[in-house]
Amino acid sequence: MTHSLVLPRLIRTGSGSLAEIGKLLACCGVSRPLIVTDPTMVSLGYVGRLTAALAEAGLPCGLFSETEPEPTETSVVAAEAILRAGLDGQAFDGLVALGGGSAIDTAKALAVLGPHGGRMRDYKVPRLVDEPGMPVIAIPTTAGTGSEATRVTVITDPENDEKMLCMGLAFMPVAAILDPDLTLSLPSRVTADTGIDALTHAIEAYVSRKASPFSDQQALAAMRLIAPNLRRAFHDGQDRVAREALLVGACFGGIAFSNASVALVHGMSRPIGAFFHVPHGLSNAMLLPAVTAWSIPAAPGRYADCARAMGLVGEGASDELANDALLEELQGLNAELGVPTPTGFGINPARWQQLRPLMAEQALASGSPGNNPRIPTADEIIALYDEVWG
Ligand code: NAD
């Protein structure tokens with residue numbers, strides 16, 4: 001089996017690295033960027049910091065600050081109009097995404113719609129979008145999606161509520177800045193949801209049928225960083241050591257899954273997010289313990305390695321002991337981080353019941369369940385949705 005590895009060309013990390021945006025853009029050949037961000041980044045003053053750094057480097061820029069959480073194509077189209085308008089009669093030559101996965105994914109969608117046109121549904125899997133897109137420089141402010149280092153974007157089709165998975169080289173940012181200072185303001189709920197998302201990326205990449213020695217190392221490194229620091233950052237948002245570890249761990253998790261694929265948790269999670277507007281990390285968290293328990297019999301050694309990397313058991317522990325510890329930890333983490341059940345989140349039971357077959361169909365169509373160590377049928381996915389309902 002061969003593996004093709006894709007990474008950003010440049011990553012700058014560390015406290016204060018946002019200020020180096022000018023140098024980074026020069027390395028990428030970008031001189032007229034459009035900033036893609038959301039209103040929270042404006043009110044937190046992060047956009048001001050970014051535009052000040054650009055001004056200092058003598059770079060003019062445009063601004064689209066209306067990206068929405070879990071972006072739909074509608075908000076992408078609004079951004080596309082700003083991109084096409086250009087700046088003082090000249091075209092933008094790059095996109096600087098500042099925010100969580102939603103802002104970064106919006107910029108990635110623009111990177112393809114800008115030069116190639118069409119609708120986002122033209123680019124969803126199984127199509128691979130490997131043609132060159134506009135350069136994206138990603139500055140994540142959540143420690144979760146790893147989108148700054150993935151060849152993936154997720155955009156919801158407003159006509160049928162499908163969370164479309166779009167993949168290909170065109171969606172890989174050319175560069176990223178990992179500045180942990182920007183994550184200190186994350187509310188505890190978002191810290192928890194995005195942190196569990198990152199942990200899920202690492203676990204799913206490690207157990208994926210497409211895992212490689214390269215993605216394995218990224219996934220294990222991600223688990224080593226995320227597992228001991230997620231509770232710390234959740235309980236004390238100003239814990240800089242934990243914040244930095246989570247941001248770097250989330251990036252490793254992104255690199256891991258982008259090169260090895262996610263699996264059943266993500267496949268089942270996207271329809272929950274699209275139909276019931278559950279934040280992505282939270283729907284992953286609702287599913288992670290049950291899907292892990294269901295999948296362990298097909299890859300007990302791989303899941304046991306996850307428990308060891310997370311520091312739940314010693315290196316010498318048996319697979320059985322390690323897997324028991326892993327399930328206990330995933331349940332315990334959900335309890336401590338206040339992850340609700342679907343009922344607790346307020347999802348309507350009749351609608352959940354009615355949509356399960358369609359959700360299972362969409363999960364399978366995304367291709368992610370096919371990477372799981374234990375590959376489910378549609379009926380087995382429905383049974384897992386029932387189990388998670390509780
Ligand atoms: P998000 O970007 O939707 O942000 C969640 C909320 O937190 C928003 O209201 C945002 O304004 C706020 N926020 C972000 N950073 C903040 C900060 N530093 N301080 C205070 N508030 C802040 O959340 P996310 O989980 O990062 O991204 C979710 C999206 O990413 C989903 O659409 C999901 O499908 C997608 N996703 C993409 C990939 C990928 O590889 N492209 C991978 C996983 C998930």
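Biologist: Why is Asn-229 called buried?

Modeller: Asn-229 has 8% relative accessibility. Buried means under 20%, so Asn-229 counts as buried. This is a predicted model, so the value is computed from predicted coordinates.

Biologist: Where does Asn-229 lie?

Modeller: Asn-229 is in the loop between helix 7 (213–226) and helix 8 (230–235). Leaving aside neighbours within four places in sequence, Asn-229 is in contact with Ala-242, Ala-245 and Leu-246.

Biologist: What makes the pair of Leu-225 and Asn-229 a polar contact?

Modeller: A polar atom of the Asn-229 side chain lies 2.8 Å from the backbone oxygen of Leu-225. The cut-off is 3.5 Å, so the pair qualifies.

Biologist: What makes Arg-12 and Glu-20 a salt bridge?

Modeller: Their closest N and O atoms are 2.6 Å apart. The limit is 4 Å, so Arg-12 and Glu-20 form a salt bridge. A search of the whole structure finds 18 salt bridges.

Biologist: Why is Arg-12 called partly exposed?

Modeller: Its relative accessible area is 23%.

Biologist: What about Lys-124 and Glu-162?

Modeller: Lys-124 forms a salt bridge with Glu-162, with the closest N and O atoms 3.0 Å apart. This pair links distant parts of the chain, 38 residues apart. Lys-124 sits in the loop between helix 5 and strand 5 (136–140), while Glu-162 belongs to strand 7 (residues 162–167).

Biologist: Is Glu-162 buried or exposed?

Modeller: Glu-162 has 17% relative accessibility and so counts as buried. Lys-124 has 27% and counts as partly exposed.

Biologist: Why is Asp-193 called buried?

Modeller: Its relative accessible area is 6%, and buried means under 20%. Arg-189, at 30%, counts as partly exposed. Elsewhere, salt bridges that share partners join Glu-73, Arg-119, Arg-121, Asp-157 and Glu-159 into one network.

Biologist: Which residues come nearest to the ligand?

Modeller: Asp-38, Gly-101, Ser-102, Thr-142 and Thr-150, of the 32 residues around the ligand. By class, the shell has 12 nonpolar, 14 polar and six charged residues.

Biologist: How much of the ligand does the protein bury?

Modeller: Taken alone, the ligand exposes 870 Å², and the protein buries 91% of that. Elements giving two or more residues to the shell include helix 2 (39–43) and strand 6 (152–157).

Biologist: Which elements do the buried residues of helix 12 pack against?

Modeller: Helix 6, helix 7, helix 11 (280–295) and helix 13 (319–336). Among the buried residues of helix 12 are Tyr-303, Cys-306 and Arg-308.

Key
Residues are numbered from 1 along each chain as its sequence is written. This is a predicted model: local features need pLDDT of at least 70, side-chain atom pairs count only at pLDDT 80 or more; totals for chains, interfaces and linings use all residues. Side-chain values use heavy atoms; hydrogens and water are left out. Helices (H or I, at least four residues) and strands (E, at least two) are DSSP runs, numbered from the N terminus. Buried means under 20% relative accessible area, exposed over 50%, partly exposed in between (1.4 Å probe, protein chains only). A polar contact is a pair of N or O atoms within 3.5 Å; within protein, one must be able to donate a hydrogen and the other to accept it, and residues adjacent in sequence count only if both atoms are side-chain atoms. Contact means heavy atoms within 4.5 Å. A residue is near a molecule or strand if one of its heavy atoms lies within 4 Å of it. Accessible areas come from the Shrake-Rupley method with a 1.4 Å probe; for residues, only the protein chains shown count as cover. Ala, Val, Leu, Ile, Met, Phe, Trp, Tyr, Cys and Pro count as nonpolar, Asp, Glu, Lys and Arg as charged, and the others, Gly among them, as polar. A salt bridge is a side-chain nitrogen of Lys or Arg within 4 Å of a carboxyl oxygen of Asp or Glu.
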